[in-house]
Amino acid sequence: MKFWSEFYIPTLKESPADAEIASHQLLVRAGLVRKLSGGLYTYMPIGLRVMQKITQICREEIDRGGSVELWMPHVHPAENWEKGPRWNAAREIMFRADHAGSGKKAGAEPEFVLGPTHEEVITPLVKAEVSSYRDLPKSFYQIATKFRNEIRPRYGLMRAREFVMMDAYSFDADDEGAIKAYHKMKAAYEAFFKRVGVLAIAVEADTGVMGGSFSHEFMVPAEVGDDDVIYCEESGYAANREKATSGLVATDFVVAEPIGEIEKFATPGVTTIKGLAREPHNIPADEQFKTLVYIGDDKPFLVLLRGCDDLEEAKLGTLGFTLVRPATPDEITPLMGAKPGSLGAVKDTLKAADQLAGVFADEAIKLVGNGTTGANEDGFHLRNVNVTRDLAITGWGDFRTVKAGEPCPTCGAPLKSRRGIEVGHIFKLGTKYSECFAATYVDDQKQSHPMVMGCYGIGISRTMQAVIEQSHDKDGIIWPWAVAPFQVLIVLLDPAMEEAATLAKTLGVAAELAGADILIDDRDERPGVKFKDADLIGVPLRITIGGRGLKNGVVEVKWRHESEVVQIPVAEAASRIAALVEQPASA
């Protein structure tokens, strides 16, 4: 039991100027965090209580999922990362941690880095500890601070430079075991998010720089989210935008036959899809081919899309390149013979074919059949270009951004889209890291094999803010019972009244024995201030004790998520409140 006057809850009337979204505003106004610098926050006492509750629920569910807790260093030797598979891709988001007097020149490779995640630490550890198939499977996790050099930290804890994360790692002898571990952890995540009281949808996701064969993100639906979730209410299909597919092009779709010979025509000053769609050419975007030039591992390649489609860059990861970026205009012109806006992949005009790593076409260009594309000559385009006859395609794939309204790939119903906040991610890594670090085991035939890995992350601090983003109103936070900093708030309207103070302690003990955390507001403040603060910090159950009520033999009870105030007799208050506490506590 805590007393407000002895605790510290620095609520604010106004939102900070740099807080753009409701959850960020409420984090600060309700006194949960204070900003030190961009992306760096102090967890104030009430915020720390929420974090500790979320952490404990996470620990219980991950333990139940079969993983064992340990603790790894935050400072990593850079050589561990250099030996791993993603040094070049990850180094831009990593903080250096060089020790003083190292003698290294400015700009030299770092000797140490701060860990954004721990694959490069756990894999060598398990290599040293595990050697036989009899030692597998193994799964370890930690709940610790992580560091990422976000270029543009924003939205409070949503995109911070320092944050708290649960990261777990599984090691199995084969794919079958790894898939079993993956689904066991997925079930643990689902149980965790249910217990903390947040709706989180598991969606198919791109593996990104982490690598591996498949992954799922856990997304909290929210309009301020950084990611788009594409989903189908009929089939249950759900994927993030980077991974989403649709049934737009059937697998047995046949491309239209050529409608005539290719014609070259002048398009002076026309360098965009929209420009070609306007007068005098009037060629709709869905009848145009878009040609993009990218660099994969220092070699150029082309991507072909419909003019009405956007490239989803994450999907280029399926092409097998380690590093991919858009080519610059200075790289494109000498390669293609024309500036961007006049490019195409017609066989006869593609003079740089032997310099390309490939020409990769999105499946949806089959719907164009015969269309218009650049002539690889500034100010000219080609019409009657047939997909099968004319384009120098070396590979097909799904490279476009799926849009709402397209058919579900599972059932054909219209797909929907909404924004979401990523709060967790799970990956089946395969042997990408174990091969780099020679983390092998010997089977019963004395044969050596790389361990098959999985990795799993939950943003603990991000989950706290996601709960607020999903559960608030105009007056403040509405905490779910399990993660509320306090579950019962007893408001003393007349704190100097001895009878009221005694009753507050009696009711507090009854609620505490029933399993709740209790806060008594004993401040010498006006009732309006106390009620506003009560709504702002979002304690689920509020009990009000006032002089007038005591004269009438009643106390007032109100749930934060309801508008109704209920009066209960003082004589029954302890038992009635204990019963109210026991009901959500057992849920």
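One caution before we start. The model is predicted.

Let's begin at M1. M1 sits in the segment before strand β1, and β1 covers residues 2–3. Is M1 buried, exposed or partly exposed? Its relative accessibility is 32%, so M1 counts as partly exposed. Together with V509 and L513, M1 forms a nonpolar patch on the surface. The accessible area of M1, V509 and L513 together is about 290 Å².

Strand β1 belongs to an open sheet of six strands. Read the order with me: β1-β28-β27-β29-β30-β31. The pairing in this sheet is mixed. Which strands are at the edges? They are β1 and β31, the latter at residues 566–569. Each of these two pairs on one side only.

Look inside that sheet at one pair. Strand β27 is residues 488–492, and strand β28 is residues 518–521. They run parallel, with four bridges between them. To find the spot on screen, pick I490, which stands opposite I520 in β28.

Next, the core. How many residues does the largest nonpolar core have? The count is 60. The residues with the most contacts inside this core are L32, M166, Y189, F193, I460, M464 and W479. Helix α6, residues 175–196, gives the largest share, eight residues. The core also draws on two domains. At least three residues come from domain 1 (64–241 + 417–466), and at least three from domain 3 (486–585).

On to strand β19, residues 380–386. Five of its seven residues are buried, so this strand is mostly covered. β19 has a pairing with strand β13, which is residues 263–266. That pairing is antiparallel, over four bridges. F265 stands opposite H381 there. β19 also pairs with strand β18, residues 370–374. Again the strands run antiparallel, joined by four bridges. Here T373 has L382 as its bridge partner. β18 and β19 make a hairpin, with five residues between them. In that turn, N376 has a positive phi of about 55°.

Why point that out? Most residues other than glycine have a negative phi, and most peptide bonds are trans. Keep that in mind for the last stops.

Y155 has a positive phi, near 60°. Y155 lies in the loop between β7 and β8. D298 has a positive phi too, near 75°. D298 lies in the loop between β14 and β15. Which of these is buried, and which is exposed? Y155 has 14% relative accessibility, so Y155 counts as buried. D298 has 74%, so D298 counts as exposed.

Finally, the cis peptide bonds. One runs from L136 to P137, with omega near 5°. P137 is in the loop between helix α5 (119–129) and strand β7 (138–147). Another cis bond joins E279 and P280, with omega about 5°. P280 is in the loop between helix α7 (273–277) and strand β14 (289–296).

To recap: M1 is partly exposed, the largest nonpolar core has 60 residues, and β19 is mostly covered. Thanks, and over to you.

Conventions
Residues numbered from 1 in each chain as written. Predicted model: local features only at pLDDT ≥ 70, side-chain atom pairs only at ≥ 80, totals over all residues. Heavy atoms only, no water. Patch = residues over 30% accessible without salt bridge, like charges linked within 9 Å, V, L, I, M, F, W, Y side chains within 5 Å. Areas by Shrake-Rupley, 256 points an atom, 1.4 Å probe, with all protein chains shown as cover. Salt bridge = Lys/Arg side-chain N within 4 Å of Asp/Glu carboxyl O. Buried < 20%, exposed > 50% of the residue type's maximum accessible area, 1.4 Å probe, protein only. Pairing = 2+ DSSP bridges. Core = buried A, V, L, I, M, F, W, Y, C linked by side-chain atoms within 4.5 Å. Domains from an automatic or database assignment.
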